[in-house]
Amino acid sequence: MNNSEIVSKLWNLCNVLRDDGITYHQYVTELTYILFLKMAKETETESAIPEQYRWDELIKRDGIELKKFYNNLLTDLGEQGTGRIREIYSGARSNIEEPANLRKIITNIDSLDWYSAKEEGLGNLYEGLLEKNANEKKSGAGQYFTPRVLIDVMTELIAPQPGEKCNDPACGTFGFMIAADRYIKEHTDDLFDLSAE
């Protein structure tokens with residue numbers, strides 16, 4: 001299963017939340033909180049997350065207990081987390097009212113082929129979700145998202161060089177900076193043909 005197939009599956013889960021009155025933008029936000037926990041498990045970087053709030057603890061709960069646990073998780077990580085965890089979950093609140101809907105999203109995320117997603121890059125997965133949100137006319141997010149094709153064309157035209165400083169003052173998902181890094185590495189044998197200077 002490639003990233004575009006995974007993005008489609010995740011995006012289709014949005015239909016589960018329509019009964020809860022959740023918008024596309026809220027859905028991407030909800031998904032971000034849950035995906036971050038799953039990706040931390042898949043990339044073996046859960047050490048920054050308190051043990052009681054890791055993926056394996058989330059997946060074993062159901063019903064009202066799951067909803068309470070998830071709400072506590074969001075609050076505690078936002079208030080007592082450290083570093084990046086605190087930044088991600090600061091002010092986080094769930095708009096999912098129905099515990100069965102929350103459970104369905106978590107179960108579906110857990111069952112995806114994460115090996116393939118890691119091979120293609122987890123950042124690409126998230127970018128795919130943002131693109132789906134931007135393309136959904138009802139969400140109004142198109143004004144905030146730069147399509148990958150445009151980023152790649154602009155990077156080719158600018159042709160960043162080693163030693164140059166790059167800046168994207170309107171940076172959202174860091175897409176231009178990632179493309180500039182990739183461009184430089186592709187044109188310098190992954191930097192290996194450069195001198196130390």
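Let me start at a loop: Ala159 sits in the loop between H10 and H11. Ala159 has a positive phi of about 50°, although Ala159 is not a glycine. Keep in mind throughout that this is a predicted model.

There is another residue of this kind. In Glu44, which is not a glycine either, phi is positive and near 55°. Glu44 belongs to the loop between helix H3 (24-42) and helix H4 (55-59). Is Glu44 buried or exposed? Its relative accessibility is 74%, so Glu44 counts as exposed.

Now the overall picture. The protein chain has 11 helices and 0 strands, so by the assignment of helices and strands as DSSP runs, the order from the N terminus reads α-α-α-α-α-α-α-α-α-α-α. Of the 197 residues in the protein chain, 38% are buried. As for contacts between residues at least 6 apart in sequence, 64% of them join residues at least 24 apart.

With a relative accessible area of 16%, Asp168 is buried, because the cut-off for buried is under 20%. Which residues does Asp168 touch, leaving aside its neighbours within four places in sequence? Those contacts are Phe176 and Met177.

On the helix side, Thr155 lies in H10, which covers residues 148-158. Thr155 has 8% relative accessibility and therefore counts as buried. Setting aside neighbours within four places in sequence, Thr155 is in contact with Pro160, Ala179, Ala180 and Tyr183.

This brings me to the second largest pocket. Its space comes to about 190 Å³. The lining consists of Met154, Thr155, Ile158, Pro160, Glu164, Lys165, Cys166, Asn167, Phe176, Met177 and Ala180. Which helices supply at least two residues each? They are H10 and helix H11 (175-186). By class, the lining has 7 nonpolar, 2 polar and 2 charged residues.

Take helix H5, residues 63-80. H5 has 18 residues and reaches 25 Å from its first C-alpha to its last, close to the 26 Å expected at 1.5 Å a residue. The buried residues of H5 are Leu66, Phe69, Tyr70, Leu73, Leu74, Leu77 and Gly78. Seen down the axis of H5, these buried residues fall within an arc of 150°, so they line one face of the helix. Which residues are exposed on the other side of H5? They are Ile64, Lys68 and Gln80.

Then helix H7, residues 99-111. Its 13 residues should span 18 Å at 1.5 Å a residue, and the end C-alpha atoms are 18 Å apart, which agrees. Buried in H7 are Pro99, Asn101, Leu102, Ile105, Ile106 and Ile109. Around the axis they cover an arc of only 165°, which puts them on the same side of H7.

Notes: Residues numbered from 1 in each chain as written. Predicted model: local features only at pLDDT ≥ 70, side-chain atom pairs only at ≥ 80, totals over all residues. Heavy atoms only, no water. Helix = DSSP H or I, 4+ residues; strand = E, 2+ residues; numbered from the N terminus. Buried < 20%, exposed > 50% of the residue type's maximum accessible area, 1.4 Å probe, protein only. Contact = heavy atoms within 4.5 Å. 1 Å grid on protein atoms, 1.4 Å probe; cavity = no way out; pocket = protein on both sides within 12 Å on 5 of 7 lines; lining within 4 Å. Points joined across faces, edges and corners; volume = space filled by probe spheres on them. Nonpolar A, V, L, I, M, F, W, Y, C, P; charged D, E, K, R; others polar. Expected span 1.5 Å × (residues − 1). Arc of directions from axis to C-beta.
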